[in-house]
Amino acid sequence: MSALFLIVLIDLIGFGVIIPLLPFYAERFQASPDVVTLVMAVYSLAQLFSAPLWGRLSDRVGRRPVLLASMAGAALSYVWLGFADELWTLFAARAFCGAMAGNLSAAFAYVADVTGPENRARGMGLIGAAYGLGFIAGPALGGILAGPDPLQADYQTPAFVAAGMSAAALLLTAILLKESLSAELRAAAATRKPVAFHRMLAAVLADRRLAFWIGLSFLATLVLAGMETTFAMWSERTFGWGPQQNGYLLAFLGLLSAAIQGSLIGPLSRTVGTHRMVLQGTAVLAVSFLGLPFADTLGVLLVVTAGLAYGFSIVSPALNSLISLEVEAGSQGSVLGLSRSASILARVIGPALAGLLFATLGRDAPYFAAAALMVGAFLLAFRPPARKCRPERP
């Protein structure tokens with residue numbers, strides 16, 4: 001577990017290095033705001049199609065080969081990104097990187113293989129901590145490497161550093177990690193037919209309450225993805241910021257989110273309950289999005305973005321908990337997988353819509369629209385559909 005933690009941490013720092021500079025990289029090739037957000041969305045679009053394939057492949061051939069292949073592919077994609085000299089090559093490099101995004105799901109599966117039920121949550125939390133730390137250190141490092149001036153930013157060095165980190169994670173995987181999935185389980189998975197996606201979707205939609213919570217999760221991810229992909233352009237036009245300042249802010253928000261999820265989620269779920277956490281989170285998000293266009297000083301901006309971090313940090317685990325409570329233990333994996341697919345789809349649609357609003361109605365339009373959506377989510381969450389009658393669980 002310690003080796004896996006280190007591997008995932010290094011790999012995700014490399015991934016986070018790229019995040020602050022992508023919008024400016026696209027604008028370097030005269031991309032309009034709606035095209036800039038598509039550069040960000042194409043990663044999730046490729047991931048949407050590749051993630052189930054990586055998952056099935058890891059069941060059939062093992063976790064270690066998938067980790068090795070996806071990390072090697074990620075390293076190549078960052079090298080390609082560093083040499084991008086036209087807009088289409090930037091798109092292609094990001095799409096290839098998204099298609100290679102099988103490492104995190106394989107890491108979680110590895111944890112499930114090597115831990116018992118009593119240690120499973122701790123193991124999953126360890127990988128989640130590596131994920132969070134990667135998104136704190138990565139953007140800050142990427143911003144420092146790229147520099148503060150968007151017109152003179154260094155885009156190659158961060159890309160090559162990200163490639164080096166993925167290569168280091170690949171080397172550590174090859175040296176330190178043994179295969180966690182037995183040959184018998186791999187052979188059994190190879191003969192098992194996957195459940196058709198449309199059948200899983202039909203079963204979920206038939207349960208109105210379950211579909212309702214997944215729908216709210218989709219909306220929350222949609223507005224988050226729209227904000228993430230337009231904020232660098234907004235801050236450039238509002239404050240004249242470049243990759244470095246955006247990297248520092250992303251690191252601050254990542255640190256804040258990690259602190260909230262590490263210290264407040266448990267007490268909040270016990271004192272107010274998950275349903276009220278959803279109400280509280282969507283209300284805070286609505287107010288924060290509404291306030292973002294009026295943040296004309298750094299102090300106000302920090303307060304508003306802290307509100308966004310708080311809202312997302314409590315809404316996401318609360319909705320995941322509510323979704324998991326709606327299904328029996330034997331269906332948890334498939335339903336949460338479907339919920340994950342809905343979130344990835346939101347990360348495709350959210351940036352595209354936010355970029356279109358940014359380009360056609362102005363830089364503040366995506367945040368006013370996000371505020372309206374969160375007001376709608378808050379009102380809907382007051383009266384969720386009734387739970388289906390089912391026998392009480394022991």
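The model is predicted, so local features are reported at pLDDT of at least 70 and side-chain atom pairs at pLDDT 80 or more, while totals for chains, interfaces and linings use all residues. Residues are numbered from 1 along each chain as its sequence is written, and side-chain values use heavy atoms, with hydrogens and water left out.

A pair of aromatic rings is described by the distance of the centres and the angle of the planes. Rings of Phe, Tyr and Trp (its six-membered ring) pair if their centres lie within 6.5 Å; planes under 30 degrees apart are stacked, over 60 edge-to-face, and the rest tilted. By this rule there are 12 aromatic pairs. One of them joins Tyr25 and Tyr155, which are stacked, with 4.6 Å from centre to centre and 5° between the planes. Tyr25 belongs to helix α2 (residues 22-28) and Tyr155 to the loop between α7 (120-146) and α8 (156-176), so this pair ties together parts that are 130 residues apart in sequence. Helices here are DSSP runs (H or I, at least four residues), numbered from the N terminus. Both tyrosines, Tyr25 and Tyr155, are buried, meaning under 20% relative accessible area, whereas exposed is over 50% and partly exposed is in between (1.4 Å probe, protein chains only).

Trp234 and Phe239 make an edge-to-face pair, because their ring centres are 5.9 Å apart and their planes lie at 75°. Trp234 is buried at 1% relative accessibility, whereas Phe239 is partly exposed at 26%. These two residues also belong to one aromatic cluster with Phe231, Trp241 and Tyr367.

Next come two helices. The axes of α4 (residues 63-82) and α8 come within 8 Å and cross at roughly 165°; axes are lines fitted to C-alpha atoms over the stretch in contact, with angles from 0 to 180 degrees between N-to-C directions. That makes α4 roughly antiparallel to α8, the word for angles over 145 degrees. Among the residues that meet are Leu67, Met71 and Tyr78 in α4 and Phe160, Leu170 and Thr173 in α8; contact means heavy atoms within 4.5 Å.

Finally, Leu302 lies in helix α15 (residues 298-325) and is partly exposed at 32% relative accessibility. Leaving aside neighbours within four places in sequence, Leu302 is in contact with Leu249 and Phe252.

Notes
Parallel < 35°, antiparallel > 145°, perpendicular 65-115°, else oblique.
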